[in-house]
Amino acid sequence: MKIVAIVQARTGSTRLPGKVLMDVAGQSMLAQVLTRLGGCNLIQELLVATTDRPEDDSIVAECKRISVPVSRGDRDDVLDRYFRAAQLVRADVVVRITSDCPLIDPEITGKTIEAYLESAADYASNGLVRTYPRGLDTETMSFQTLERAWRLARKPYEREHVTPYIYEHSEEFKLVSVTGETDYSSHRWTVDTPEDMEFVREIYHRLSGRFSWRDVLDLVQQEPQLLDLNRSIVQKALH
């Protein structure tokens, strides 16, 4: 069984253009995401799925620099991009990660993969019922599940956001929700705005090495003013 983490990345962003290649503690945000995912021993291969647009040649160059394979596909039909990337590497299990999560945690990602494997589910996610900070989001699914969504999803938002067809059709798929004992879902650790980037950079400035999501929690509890940096940011709606 081949478990592949596919990280979607493009330079186009309405609120923070080029964010994926912006500097975070001396590396691009994309490189930081991939480095952290490399700490999850259940992931057998990493792949970046970017677009076929010329503006994303820079992402291909960055992947080459850090020796991570890359595939290219449609800018807006991200579901098609994911399916063809998974097909290319012959993945049996697909772990979906977005490149705007530089605090992604290998422990939480691993926990989600384990839940998928142990339950014989079609799809497992820690975002179905949120208890973890936004920015630790991990989705795990079989290639067959991804393929079924690719064939049947028709609505634009289903194609753009990859997995809505799966989790909105629980009658067709066995879904598993991965939750923690304490609700930390009010924390925002993803990067979509300059304020989010400032928060993440401050975290990396204060912590070093292989810090965990619990280290980040401890830090913001010790320095609650850090939470003010992006407290006002509202998550974009799915539709």
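Thr 51 touches Ala 9, Arg 10, Asp 56, Arg 72, Gly 73, Arg 75 and Arg 81, leaving out residues up to four places away in sequence. Touching, or contact, means heavy atoms within 4.5 Å. This is a predicted model, in which local features need pLDDT of at least 70, side-chain atom pairs count only at pLDDT 80 or more, and totals for chains, interfaces and linings use all residues. Residues are numbered from 1 along each chain as its sequence is written, and side-chain values use heavy atoms, with hydrogens and water left out.

Stay with Thr 51. This residue belongs to strand 4 (residues 45-51). Helices (H or I, at least four residues) and strands (E, at least two) are DSSP runs, numbered from the N terminus. Thr 51 counts as buried because its relative accessibility is 0%. Buried means under 20% relative accessible area, exposed over 50%, and partly exposed in between (1.4 Å probe, protein chains only). The side chain of Thr 51 has polar partners. One is the side chain of Asp 56, in a polar contact of 2.5 Å. Another is the backbone nitrogen of Arg 53, 3.0 Å from a polar atom of the Thr 51 side chain. A polar contact is a pair of N or O atoms within 3.5 Å; within protein, one must be able to donate a hydrogen and the other to accept it, and residues adjacent in sequence count only if both atoms are side-chain atoms.

Next, the nonpolar interior. In soluble globular proteins, nonpolar side chains tend to be buried together. A nonpolar core here is a set of buried Ala, Val, Leu, Ile, Met, Phe, Trp, Tyr and Cys residues joined through side-chain atoms within 4.5 Å. The largest one has 28 residues, and Leu 30, Leu 37 and Val 48 touch the most other members. Strand 1 (3-8), helix 1 (29-37), strand 4, helix 2 (57-65), strand 6 (93-98) and helix 4 (106-119) each give two or more residues to this core. Helix 1 gives the most, with 4 residues. What does Val 48 contact, leaving aside neighbours within four places in sequence? Its partners are Val 7, Ala 9, Leu 30, Leu 34, Ile 59, Cys 63, Val 68, Pro 69, Val 70 and Ser 71. A second, separate core has 23 residues, including Ala 91, Val 94, Met 141 and Ala 153.

Helix 3 (residues 78-88) is largely enclosed by the rest of the structure, because 8 of its 11 residues are buried. Those buried are Val 78, Leu 79, Asp 80, Arg 81, Tyr 82, Phe 83, Ala 85 and Ala 86. They pack against strand 1, strand 4, strand 5 (70-73), strand 6, helix 5 (143-152) and helix 6 (156-160). Just after helix 3, Arg 90 takes a positive phi of about 55 degrees.

Positive phi turns up in loops too. Ala 25 sits in the loop between strand 2 (23-24) and strand 3 (27-28). Its phi is near 55 degrees, and the residue is exposed, at 52% relative accessible area. Ser 67 lies in the loop between helix 2 and strand 5. Its phi is near 60 degrees, and Ser 67 is exposed at 65%.

Now move to strand 8, where Glu 139 is found. Is Glu 139 buried or exposed? Glu 139 is buried, with a relative accessible area of 10%. Its side chain makes a polar contact of 2.5 Å with the side chain of Tyr 123. A polar contact with the side chain of Thr 163 is also 2.5 Å. Glu 139 and Tyr 123 are 16 residues apart in sequence and 7.2 Å apart in space, C-alpha to C-alpha.

Tyr 123 also contacts Leu 128. Leu 128 lies in the loop between strand 7 (123-125) and strand 8 (139-142). At 32% relative accessibility, Leu 128 counts as partly exposed.

Finish with a helix pair. Helix 8 (residues 194-206) and helix 9 (residues 213-222) pack at an angle of about 100 degrees, with axes 11 Å apart. That makes helix 8 roughly perpendicular to helix 9. Axes are lines fitted to C-alpha atoms, for helices over the stretch in contact, and angles run from 0 to 180 degrees between N-to-C directions. Roughly perpendicular covers 65 to 115 degrees; under 35 is roughly parallel, over 145 roughly antiparallel, and the rest oblique. Helix 8 brings Phe 199, Ile 203 and Arg 206 to the contact, and helix 9 brings Val 216, Leu 219 and Val 220.
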